[in-house]
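Thanks for coming. I will go through the contacts between the chains and then a few residues one by one. Please have the model open.

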Amino acid sequence: MSLKERVANILKNDLLEITESKGDVCVEISRQTLVNALKRLKEEGGFDFLSDLLGIDNSDLYAKPKKKKKKTEDGTEQEQEEKGPPPPRFEVVYLLLSLSTNERLQVRVRVPEDDLELPSVTSLWRSANWPERETFDMFGIRFNGHPNMRRLLMWDEFQDYPLRKDYPLEGKGEERHLNYNIA
Amino acid sequence: MAKEIETVCITTGPTEVGDYVTLNIGPIHPAMHGTLRVITKTDGETIISAKPEIGYLHRGVEKLGENLTYSQFLPITDRLNYCSAICNNVAYEMAVEKLLGIEVPPKAQLIRMIMMELARIADHEVCVGILGVDLGALTPFFYLIIQREEIYEIFEWHHGARLTNSMGAIGGVEADLPDRFHEKWPRMRDSIRKANDDTDKLLTHNRIWMDRTVGVNAFCGDDALNWGFTGPMLRACGVKRDLRKNEPYLLYDKVDFDIPAGKHGDVFDRYMVRMLEMEQSVKIIDQAYAMYKELPEDAPLMKKVPKILRPPAGQIYHAIESPNGELGFFIRSDGSDKPYRIKIRPPCYMVYQAFDDLVKGEMISDLIACLSSLNVIAGELDR
Amino acid sequence: MKFQAIHGEGWLLTKAEQLINWGRSRSPWPFPYGTACCGIELMCALASGYDMARFGAERVAFTPRQCDVLIEAGTITKKMVPVLKRIYAQMAEPKWVIAVGACACSGGVFRTYSTAQGIGSIIPVDVYIPGCPPRPEGILYALLKLIDKIEADHPLYKQRSKVVEALEAAK
């Protein structure tokens, strides 16, 4: 049984989409069933190792309206804009690994901009601890149930979320000041 | 609370919080390797908790990657793990090649293997040397550094840089092995072994060394896997996992080598695993060099790739075994000439986050031993 | 009338200055502040092979309070800036600074939101070394340049007003 079929068997109804690019299988699941689905993948599917966890800001990707080329009857190509609301802005990708079969699986969850919250998976893998903090630091996505949801790389007083696409590469001129209270 | 500790610790040193003493170590502390910082809570000399604070070398590499083209990002990868830059280069090149769907000619693969194993030896030499320095054994460091200079000499002949190598390109390597390598390698093999032997004689059975390392920070394999350990750290805990064997890339499935593994996961085991791995690396280079000799001299080195790379849209993750463990690159492409998102999975990031668990209940001086044995490189830790 | 030598550059003052400079230039104790890649090259320069101790940088001080030269090797991020300022403030006079590598000089390739663009705007720097990273020979050359600078210094002449004040007060 191929990896795709096995994963589909385990996830059943929770599976929203399954794609493959260059041999890397990626499944999409919804926010509500995240922890449950990952738990089943860990226990039944054998994906017992969390390599990494990362956030992606898709706003640039959706800023350009997707154009679909459609052939009309007289043979000329006409561009048609795709309709419907744009998908949620952020997504979080979990990179799983099965230690027994050495297969890798990407699990992605979409997070809308107006409700930046996800359940934490630190109860399943402790290795999710810092990556979740980093995702909060860089994108502002909060993980509920995380033991220490603080900034990781930037200093605590830093206001913005640097890896968002609307944040400039060279920053907004923030500087860090420490108030030493020398007695 | 955290802010409070920060200001208090820097200014007035140890301050009592309850029954325990909060002690700040770093970021500028001789044993903290430049930019690492740990806020410890101690009861006498015993550590109750140790909270690492990172980000003092966060240079925005991932954001920079989104604003550079695929080829331009290659030199930036040197500055991740600067002790073994070649491994980063090859990891990134291989990730982009996977995205493009191209395969590199065998000669280029062998050159990459030889150079990567040399880089692995150099990295382990630094790690073992610094571990010795931090524990008070300065002499092995001098032996190993001299050996490392010889390896740097080969790097310089091949691609002109000592430390930040930027070796190869997407699609292969630019230059063949330098002519001088052929005379140098047989001599160097012996000198690497000799430097290792000298270090081994000075340290391994040394009474002081054993007192400081055996049984310090012992860690079990299951915990290590749960924390996301990879590389020598995981193997020291007794889990035989090496991406070169488990998910072979390049031509590693055609060479014969062993995976050294420890038992207890203590500092001594980590040291031993690194020492034995250097031996295995020499073995791998010998075999790869023999395979290289069999190839015709005019065998291609580069796959023809366009000057401006525009990989098809998609996302991939590719990992290799760097000296510290699994070094992975996640790249999402949107079809343009710049990556849409690059995420680096640094091996020591996962190891260092378990620091609290590792040193809990140990003495403060063991914290230094533990940190050195983790081989935390700030460049790839903070990115 | 006794202090004429101090007001100008008299014989006594020059000789005393030469003595002080000789002492200072022969023992520039470094504080290796290696934060990134350049720290590894600095390590090579300090260790066997290149051996910086040949030029008097024998004792590597691991505390800013007992050093003369701050060798800043590596990137300084914005998070690190207050720490660097504090380290510099802790050093006792006379103090000199060598900025090693492109990142310490100008930020280098890291023109990003989190990197300070050179340490020249944070603390005064005496010698800049270009390169990413510079070779150990470069670091040795910078040390020699710094020694030249120390030898050409006028430690007493600079402080002559203070010396005159002190002597007047003593009278």
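B:K98 forms a salt bridge with A:D24, and the closest N and O atoms are 2.8 Å apart. By salt bridge I mean a side-chain nitrogen of Lys or Arg within 4 Å of a carboxyl oxygen of Asp or Glu. Across the interface of chain B and chain A, the rule finds ten salt bridges.

Before going further, the ground rules. This is a predicted model, in which local features need pLDDT of at least 70 and side-chain atom pairs count only at pLDDT 80 or more, while totals for chains, interfaces and linings use all residues. Residues are numbered from 1 along each chain as its sequence is written, chains are lettered from A and ligands numbered from 1 in the order in which they are written, and side-chain values use heavy atoms, with hydrogens and water left out.

Back to chains B and A. There are 29 residue pairs in polar contact between them, both residues at pLDDT 80 or more. A polar contact is a pair of N or O atoms within 3.5 Å; within protein, one must be able to donate a hydrogen and the other to accept it, and residues adjacent in sequence count only if both atoms are side-chain atoms. On the side of chain B that touches chain A, the largest share, six residues, comes from α1(B). Helices here are DSSP runs of H or I with at least four residues, strands are runs of E with at least two, and both are numbered from the N terminus. By class, that side of chain B has 23 nonpolar, twelve polar and 18 charged residues. Nonpolar covers Ala, Val, Leu, Ile, Met, Phe, Trp, Tyr, Cys and Pro; charged covers Asp, Glu, Lys and Arg; the others, Gly among them, are polar.

In total, 53 residues of chain B are in contact with 54 residues of chain A, contact being heavy atoms within 4.5 Å. The two chains bury about 4,600 Å² between them, 54% of it on carbon and sulfur atoms. Buried area is the accessible area, with a 1.4 Å probe, that two parts lose on being put together, summed over both.

One residue to look at here is B:E66, in helix α2 of chain B. Leaving aside neighbours within four places in sequence, B:E66 is in contact with A:L163 and A:K165, and in its own chain with B:K338, B:P339, B:Y340 and B:R341. Is B:E66 buried or exposed? B:E66 is buried, at a relative accessible area of 9%. The cut-offs are under 20% for buried, over 50% for exposed and partly exposed in between, with a 1.4 Å probe and protein chains only.

Next, chains B and C. The contact takes 36 residues from chain B and 32 residues from chain C, and about 2,900 Å² is buried between the two, 69% of it on carbon and sulfur atoms. How many salt bridges are there between chain B and chain C? The count is three. In a salt bridge between B:E53 and C:K79, the closest N and O atoms are 3.2 Å apart. On the side of chain B that touches chain C, α6(B) gives the most, with eight residues. That side divides into 21 nonpolar, seven polar and eight charged residues.

Now inside the chains. In chain A, A:E28 forms a salt bridge with A:R108, with the closest N and O atoms 3.8 Å apart. A:E28 lies in strand β2 and A:R108 in strand β7, so the pair ties together parts that are 80 residues apart in sequence. A:E28 is buried at 9%, and A:R108 is buried at 12%.

In chain B, B:E117 and B:R244 form a salt bridge with the closest N and O atoms 3.4 Å apart. B:E117 is in helix α5 and B:R244 in helix α11, so this pair ties together parts that are 127 residues apart in sequence. B:E117 has 0% relative accessibility and counts as buried; B:R244 is buried at 4%.

Last, B:K107, also found in helix α5 of chain B. B:K107 is buried, with a relative accessible area of 3%. Among the residues B:K107 touches are B:D176, B:Y292 and B:L295. B:L295 lies in the loop between α12 and β5 of chain B and is partly exposed, at 24%.
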